[in-house]
Amino acid sequence: MATASLPLRPRPLVATRATSEPLLIQILLTTVAVGFLVLFLVLPLLAVFAQALEKGIGAYFAALREPMALSALKLTLLTAGVAVPLNLLFGVAASWAIAKFDFPGKNALLTLIDLPFGVSPVISGMVFILLFGRQGILGPWAEAHGLKLVFSVPGLILATLFVTFPFVARELIPLMQAQGTEEEEAARVLGASGWQMFWRVTVPNIRWGLLYGVILCNARAMGEFGAVSVVSGHIRGKTNTLPLHVEILYNEYNFQAAFAAASLLAFLALVTLVAKTLVEWRAAEARAPLTEDPNVH
Amino acid sequence: MSIEVRAVTKSFGSFVAVNDVSLTVPTGELVALLGPSGSGKTSLLRIIAGLERADAGQVLFEGEDATARDVRHRGVGFVFQHYALFRHMSVFENVAFGLRVRPAARRPPEAEIRRKVTDLLKLVQLDWLGDRYPSQLSGGQRQRVALARALAVEPKVLLLDEPFGSLDAKVRQELRRWLRRLHDEIRVTSVFVTHDQEEALEVSDRIVVMNHGRVEQIGTPQEVFDHPATSFVMGFLGSVNIFHGRAEDGRAHLGELSVDYPAHDGAGPRPVQAFARPYDLDLAREAAGDGFWATLRHVNPAGAVIKLELEDGETRLVQVETTRERYEALHPNAGERLYVKARQVRIFPAES
């Protein structure tokens, strides 16, 4: 009797599809990713809130109501409030020019837009000092015209503008390039003015990308530390933004107050994250066609 | 409204897209700009629309110079190759766009806009799709929405860029006939760009054949097909057998084939190209008339017309088309040597 019975088919150890992994590897990879997230993102976040509330909710709010904290919060909101709309404007203009026209120096402009990403924020801040500081190239000129651009609020705004410039443009350029100019041309042929074309055709087409860029730009404008730290001069109650305020409190061993202020920034980050997810979700929905059957007509 | 193009030239960098082109489109006609890709037909259409500015030359509408007129004041309807429908607007709003962006003084009241858009959607047989978005439509439907949108502003001139280019063969056939019927109904002066000779021959009143930015020939479909002005037109419209040779003493010598060439009589010898349509060649077992011997290699017997492939003495492919009756009467075998008789050959001076 040499007939070997057919072996029972074992549970496949190899993947059933070319792109799927065996169960063990799936679990391993997921654990590594989630573990990393918990260790580096969730735990620090929890620590911030835990430290902030260490001395109870009363102390938490007291630290936030303190005049220096309030002034830092106001300055942060002001900086972002000026920098974000301006960069929205610059970003749309730059991406419009790059995506819809051909002109000499287009690639140079594209590279320049990325510059703030490539340069360390501290260097960006120092550039402003070198330009507009008392010994700077344009310093005497600025002083003669009554412009105080270093260790002052306008300087903070300028530095923030510079650092957050790429966000809106970077988001819009690929989007506008992919959409091309045909819809704009169609609007023109149908009799729309330049203004009508922009508001009725271009803006609705880029609105989700635009909003996404603004959210990222805002997050960075409020959280920016390096460039702002160099330009600010750390004048308490005058040129201190929230991130700088946190640093000062921390250096003074006032951990609870430092973390209370930090929790505001952390909270902002969480709001940004939720808003970003919502926008991405809406954008994906707007892009996805419901049916794609060329034979139905 | 008639269109006149006078000596228009347009270059992109060193590439001359449109080279000194002049043509006239009479009121109410449907004209095809036909040519291979890169022949300048789309550039010419865009210049007529005002989407592109010519480097030199004029565009006249109804005899009036419109060269400097802005695209939005030209009163043209333009159908883009990829439709360019506004993706964030419903079909209804797409068609209504041209009416809604008018200055308040000329904008029709809302009820009038609704009526008009509904009528147009009925005209293109899509009135049941008004609430859909472009991404929810098939290619053929998008094409018709694009057409309705262009017609909404009551254009004096309708311009279509490769209107059926990105549709599959069956839909293309249907839309082609439908466009012809629609044009017969509304009679608006129309120009469309195509690289498909069959499409141009079937739909248009007149064909402008373009090549390398120049006009090769303008004429009715029958004229350009039966009396091609240049070797390019002959080769571009329909399949063709090409023979190279030389003209001498009023005859063209094309390898084994030699035919009369009275146009050349008296002039010195020079190189020529001869073109013969596959259906202008007959097959026989005996030599008779102008012709040459060739070996039958392949027969495609499917369809009303039998297509045969032969090889001449220099192993060049010769295509012959014949009717089913003639084929059955002759009943040739593969590998058999047959006499190819040229009923009609067109001879052009060879291109240098």
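Predicted model: local features only at pLDDT ≥ 70, side-chain atom pairs only at ≥ 80, totals over all residues.

Residues are numbered from 1 along each chain as its sequence is written, chains are lettered from A and ligands numbered from 1 in the order in which they are written, and side-chain values use heavy atoms, with hydrogens and water left out.

**Stop 1: a helix in chain A**

Select residues 23–52 of chain A, which form helix 1 with 30 residues. Helices (H or I, at least four residues) and strands (E, at least two) are DSSP runs, numbered from the N terminus. From first to last C-alpha, helix 1 of chain A reaches 41 Å, close to the 44 Å expected at 1.5 Å a residue; the expected span is 1.5 Å times one less than the number of residues. Now centre on V38(A), where helix 1 of chain A bends by about 40° (the angle between axes fitted to the seven residues ending there and the seven starting there).

**Stop 2**

Select strand 1 (residues 3–12) and strand 4 (residues 56–61) of chain B, which run antiparallel and are joined by five bridges; two strands pair if DSSP finds at least two bridges between them. Here I3(B) stands opposite F61(B). L60(B) has D65(B) as its bridge partner. Two residues lie between the strands of this hairpin, and E62(B) takes a positive phi near 55°.

**Stop 3: an open sheet in chain B**

Five strands of chain B form an open sheet in the order 13-12-11-14-20, with antiparallel pairing. Its edge strands, pairing on one side only, are strand 13 (257–260) and strand 20 (346–349) of chain B. Next select strand 14 (residues 270–276) of chain B, which pairs with strand 20 over four bridges. Within that pair, A274(B) stands opposite I347(B).

**Stop 4: between the chains**

How many residues of chain B are in contact with chain A? The count is 33 residues of chain B against 27 residues of chain A, where contact means heavy atoms within 4.5 Å. Finish with E183(A) and R87(B), whose side chains meet in a salt bridge (2.6 Å, N to O). The chains share three salt bridges, each a side-chain nitrogen of Lys or Arg within 4 Å of a carboxyl oxygen of Asp or Glu.
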